[in-house]
Amino acid sequence: MIQGTGSDVGKSLIVAGLARAFTERGLRGRPFKPQNMSNNAAVTADGGEIGRAQALQAWAARVAPSVHMNPVLLKPQSEVGSQVVVQGRMVATVKARDYQAWKPRLMSAVLDSFSRLAGEADLVLVEGAGSASEVNLRAGDIANMGFARATDTPVVLVGDIDRGGVIASLVGTKAVIDPEDAALIAGFLVNRFRGDPSLFADGMRLIAERTGWAALGLVPHFPDAARLPAEDVLGLAGSESRGPGAVTVAVPVLPRIANFDDLDPLRAEPGVSVVLVRPGTPIPAEAALVLLPGSKTTIDDLEAFRQEGWDVDLRAHVRRGGRVLGLCGGYQMLGNSLADPHGIEGAPRTVAGLGLLDVDTVMTPEKRLAAVTGTSLPDGVHFAGYEMHIGATEGPDAARPLLRLADGRLDGAVSADGRVAGTYVHGLFAHDAQRAAWLARLGTASDGPGYEAGVEAALDGLARHIAAHVDCDRLLALAR
């Protein structure tokens with residue numbers, strides 16, 4: 001089990017790298033994360049949802065993603081509450097304080113999923129969540145030491161030297177956790193090192209002496225990590241300008257932005273500059289496309305969009321002849337109205353949309369989760385993606401759908417002038433032909449390796465990087 005001294009220390013990528021490295025050795029590896037918190041989710045083949053990081057780790061292990069790889073997924077809807085997804089299906093919406101009472105009853109689902117994966121694998125690589133030293137949350141824990149103790153799983157603790165204080169983080173974890181939990185920690189890794197590794201040799205020895213844990217590796221910064229999907233919004237960073245010829249795609253960063261890996265294929269394009277529009281800054285006038293991303297709480301994010309004045313910027317962008325694309329929640333925002341009669345996102349209410357598409361949306365309790373394929377209209381270009389949404393959208397502009405799905409359904413809407421569009425399908429840009437078609441509309445060409453080929457190359461590079469700097473043989477010897 002790979003646990004961390006904190007969030008965003010690189011646990012997800014280390015598990016992905018190990019998954020690919022051990023797969024290359026001929027082992028049947030499976031990734032597993034008992035509990036994840038993320039609005040960046042993936043759809044599994046059986047119509048469930050899991051954290052995007054576990055889908056990437058499954059890709060690294062060259063197996064199909066399964067709901068059992070992430071049996072408990074928390075999808076934040078507010079500062080104090082989240083949807084609870086168990087083995088791929090939403091079961092409740094709870095406040096953070098109330099969730100503490102939920103955790104013990106969720107352990108049975110966690111152990112059931114772990115047993116299923118263990119039964120089909122030579123090696124299960126378990127990822128912890130957040131920090132192993134959150135002793136205030138230890139009672140009933142299912143994400144870190146609670147799971148490790150329940151399954152007698154050896155733990156490797158990861159610290160991030162790039163953020164500073166890594167010695168204190170690792171030694172301090174030993175100081176604050178329960179001695180029986182500490183006994184399960186067999187070794188440690190120091191991640192994201194930059195510079196001459198010999199300069200930290202004394203640091204590695206000091207940590208080992210103070211903790212009694214084995215030093216299993218000093219892992220240098222991996223530059224190609226940016227080519228792999230980030231697990232949460234902490235990993236979302238704007239790309240630098242590609243030069244005067246780059247086409248600008250502007251993406252307003254909403255408070256509850258979801259499924260933002262839709263942006264990754266665009267950010268990998270040499271001729272595209274993806275500008276993340278942060279609160280307090282305007283939508284850039286030079287943008288060729290404004291992309292409204294998915295949202296976990298569409299109505300609240302629409303209100304935040306207006307409070308930033310981005311609705312004014314967006315109308316100006318359209319008047320200048322710019323294009324707009326709304327994905328899922330962003331599609332719903334572009335319509336005339338959004339109604340939530342069942343109070344799914346809060347109190348029942350109906351609010352005015354941005355009015356750039358002549359459609360209306362009604363939130364419905366049923367959630368659609370499905371992998372889909374089809375063609376875009378009217379160009380007939382193939383795509384593959386997935387649906388993950390609640391709500392139904394209808395209206396005159398829906399008579400000009402954006403997509404035709406393989407099962408015959410029509411999806412999305414296009415304005416009369418063809419410059420504003422919306423769809424419920426995520427993952428459009430990950431399909432090379434579809435991305436090339438969109439870039440052609442913006443006056444540029446797709447210029448680089450295919451997106452999936454690029455991720456494959458990055459995973460292979462990550463596996464080589466991990467194998468070169470982590471004692472993988474000792475890791476295998478520690479497993480039981």
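The model is predicted: local features need pLDDT of at least 70, side-chain atom pairs count only at pLDDT 80 or more, and totals for chains, interfaces and linings use all residues. Residues are numbered from 1 along each chain as its sequence is written, and side-chain values use heavy atoms, without hydrogens and water.

**First stop: two helices**

Select residues 166-176, helix α5, and residues 201-211, helix α7; helices (H or I, at least four residues) and strands (E, at least two) are DSSP runs numbered from the N terminus. Their axes come within 9 Å and cross at roughly 10°; axes are lines fitted to C-alpha atoms over the stretch in contact, with angles from 0 to 180 degrees between N-to-C directions. The two helices are therefore roughly parallel, a term for angles under 35 degrees.

Now show side chains. On α5, the contact (heavy atoms within 4.5 Å) uses Ile167, Leu170, Val171 and Lys174. On α7, pick Gly203, Leu206, Ile207, Arg210 and Thr211. By class, this contact has 5 nonpolar, 2 polar and 2 charged residues (nonpolar: Ala, Val, Leu, Ile, Met, Phe, Trp, Tyr, Cys and Pro; charged: Asp, Glu, Lys and Arg; polar: the others, Gly among them).

**Second stop: the cavity**

Next, select Ser295, Lys296, Met388, His389 and Ile390, the lining residues nearest the centre of the largest cavity. A cavity is a set of points on a 1 Å grid over the protein atoms alone where a 1.4 Å probe fits but cannot get out, and lining residues have an atom within 4 Å of a point. Its volume is about 240 Å³, taken as the space filled by probe spheres set on the points, which are joined across faces, edges and corners.

The lining has 21 residues: 6 nonpolar, 11 polar and 4 charged. Colour β22 (382-394), which supplies the largest share, 3 residues.

How values were computed:
Angles under 35 degrees count as roughly parallel, over 145 as roughly antiparallel, 65 to 115 as roughly perpendicular and the rest as oblique. On a 1 Å grid over the protein atoms alone, a cavity is a set of points where a 1.4 Å probe fits but cannot get out, and a pocket is an open set with protein on both sides within 12 Å along at least five of seven lines; lining residues have an atom within 4 Å of a point.
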